[in-house]
Amino acid sequence: MDFARKVVKVLEVPHTHEEGTPSGLQFVSSDDLLPVPLEERTWTAFSYVAFWGSTSINVSTWMITSSMIVLGMSWWQAWLAIWIGYGVLTPFVVLMGRPGAVFHITFPVVNRASFGIFGSLWCVFNRATMACIWYGVQTSIGGSCVLVMLRAIWPSVNNIPNSLPLSSGTNTRDFMCFFIFWVISLPFIWPPVHTIRHFFTFKTIITLIACLIFMIWCIAKAKGVGPIVKQPATIHGSELAWAMVSSASVCISNLITLTTNAPDFGSRATTPSAPVVSQLWSIPFSYGFICLLGVIVSSSSQTIYGEAIWSPVDLLGKFLDDNPSPATRFGVWFIAFSFIIAQIGTNISANSVSAGCDLTALFPRFINIRRGGYISAIVGLVMCPWNLVSSSSRFASYMSAYSVFLSAIAGVMATEYWLVRKGHYNVADLYVTRKGSWYWYNYGFNPRAYAAYVAGIAINVVGFAGDTGTPVPAAATHIFDLSFFAGFGTSSIVYYILNRLYPVPGAADIFEEIDVSGYEERMTSCDEDTSSKDDCTEKESPTV
């Protein structure tokens, strides 16, 4: 028994609480769940610009325009749909991240305010699961970048004999490159969240230079921008309108994960205003610019090779065919290296940090953000993501379903903060399991939130069935084209109505962003008295 206790003690993450802290509190609180300390609030407005510039540069964003042009749109119509999609969603990123920026708490803790102390665990589990899956998918794409980079150095890499069975879904060469990328990504999970902003700045600079070089190189080889930019639309009228709506929804689905977990990075803001204006312009501009580069490069590739090659990795691989010159090999190596950096940065911003924050909330006694990030990496390895990526149609349908779940969660969370409690928070009550506290609701679950959550999902169920191939009415298909807004709007309205019928503690009439518990002031006082933070949290908080 003593040995078991020692093992548990070793597995526990270091906490600032004292030995006497109630054991129940250890399951809802940890250093990474408590409000971010003042010295770790280091993200300025420029940090958020660099963050989104970094996050937007990846292989998936580069290729997103291709599906729109295949639908029959011209390049500028597809580009307009991209600006609409990311531009419309950007205010939601700011709205969702506001509680984090004001009270310096992460997504799992913000979610407790609406779904309840224990009710939030389902939402957090969903988000953590998807972060782990996406980590594997982005790692698989990163592995293809490693292959191109190695081919530029050692062309014989492309001819490595396969020793893996057909049932594995991959081969020796591709798995080696996947594993190399997986390994070199691990050190980047280690730094604390408040310090990785420097890496995002570095990634933005190096990858932007590489992307511009790539574009100029392709234009020079094609002696022009190619035929795609001159290609007219083949669809018109209502068909074109709904194609643009559907394409904008693809952009929204691509960003929905970073929308819901916006508090994770908002919590590191130096001031509440730092993430506002900086994000409102940098998100649509960054994604729009990268997609434009993708269109120009792919258009040039059609002149060079007789077909449009939308994947930058595949196009770089084409450059290495037919005995390339040393200059060509170096250029391919540099651009492929930059895309490796891009994929690592995307995995950190969208997946490892999110998974770390979420897993911390599920097992706060044993997992912190760093350990959670490494768990997401392990899951991303053992899930064999190349099988998921190879089945692109099923994966796209799965991601569409996931955006439906997240939009319903986001609608509840936004309504809770902006319309129900109107900025009033009781931060101390976010870390206690005491009857009568603001977020205890019914044994830690808020039935209003779950009723609204189910309603937000239900409105998109028929349309999702149609997305998987089942015949459904056209109206259901159009609703699903607007799945984010349908899910967000429905859950928001239902949640607001239920809160009017059955008011919750702390519901306010006037909007004011204030912590009624005075948590931060009390923590400062406790630090001066050398008391533990968790002991202070257990103290009775004021009510209004």
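Biologist: How many helices and strands does the secondary structure of the protein come to?

Modeller: This is a predicted model, in which local features need pLDDT of at least 70 and side-chain atom pairs count only at pLDDT 80 or more, whereas totals for chains, interfaces and linings use all residues. Residues are numbered from 1 along each chain as its sequence is written, and side-chain values use heavy atoms, with hydrogens and water left out. Helices (H or I, at least four residues) and strands (E, at least two) are taken as DSSP runs numbered from the N terminus, and the secondary structure comes to 22 helices and two strands.

Biologist: What is the radius of gyration of the protein, and what does the globule rule give for 544 residues?

Modeller: The radius is taken over C-alpha atoms, and the globule rule is 2.2 Å times the number of residues to the power 0.38. Along its principal axes the C-alpha trace spans about 75 × 60 × 45 Å. The protein is as compact as a globular protein of that length, because its radius of gyration is close to what the rule gives: 24 Å for the protein and 24 Å from the rule.

Biologist: What percentage of the 544 residues is buried?

Modeller: Buried means under 20% relative accessible area, exposed over 50%, and partly exposed in between, with a 1.4 Å probe and protein chains only. By the Shrake-Rupley method with a 1.4 Å probe, where for residues only the protein chains shown count as cover, the accessible surface of the protein comes to about 22,200 Å², of which 67% belongs to carbon and sulfur atoms. Among the 544 residues, the buried share is 57%.

Biologist: Which residues lie nearest the centre of the largest cavity?

Modeller: On a 1 Å grid over the protein atoms alone, a cavity is a set of points where a 1.4 Å probe fits but cannot get out, a pocket is an open set with protein on both sides within 12 Å along at least five of seven lines, and lining residues have an atom within 4 Å of a point. Grid points are joined across faces, edges and corners, and a volume is the space filled by probe spheres set on the points. The search finds three cavities of 30 Å³ or more, and the largest has a volume of about 210 Å³. Of its 19 lining residues, those nearest the centre are Trp134, Gln138, Asn254, Thr257 and Ala350.

Biologist: Which helix gives the most to the lining of the second largest cavity?

Modeller: The second largest cavity holds about 140 Å³ of space. Among the 17 residues that line this cavity, Gly97, Ala262, Gly266, Pro275 and Gln279 are the closest to its centre. The elements giving two or more residues to this lining are helix 2 (45–56), helix 4 (75–103), helix 10 (262–266) and helix 11 (276–305), and the one that gives the most, with five residues, is helix 4.

Biologist: Which helix gives the most to the lining of the second largest pocket?

Modeller: About 590 Å³ of space lies in this pocket, and helix 13 (326–362) and helix 14 (369–382) are the elements that give two or more residues to its lining. With four residues, the most is given by helix 14.

Biologist: With which residues is Phe188 in contact, leaving aside its neighbours within four places in sequence?

Modeller: Phe188 sits in the loop between helix 7 (172–185) and helix 8 (197–222), and it counts as partly exposed because its relative accessibility is 28%. Taking contact as heavy atoms within 4.5 Å, the partners of Phe188 beyond those neighbours are Phe199, Ile344 and Ile348.
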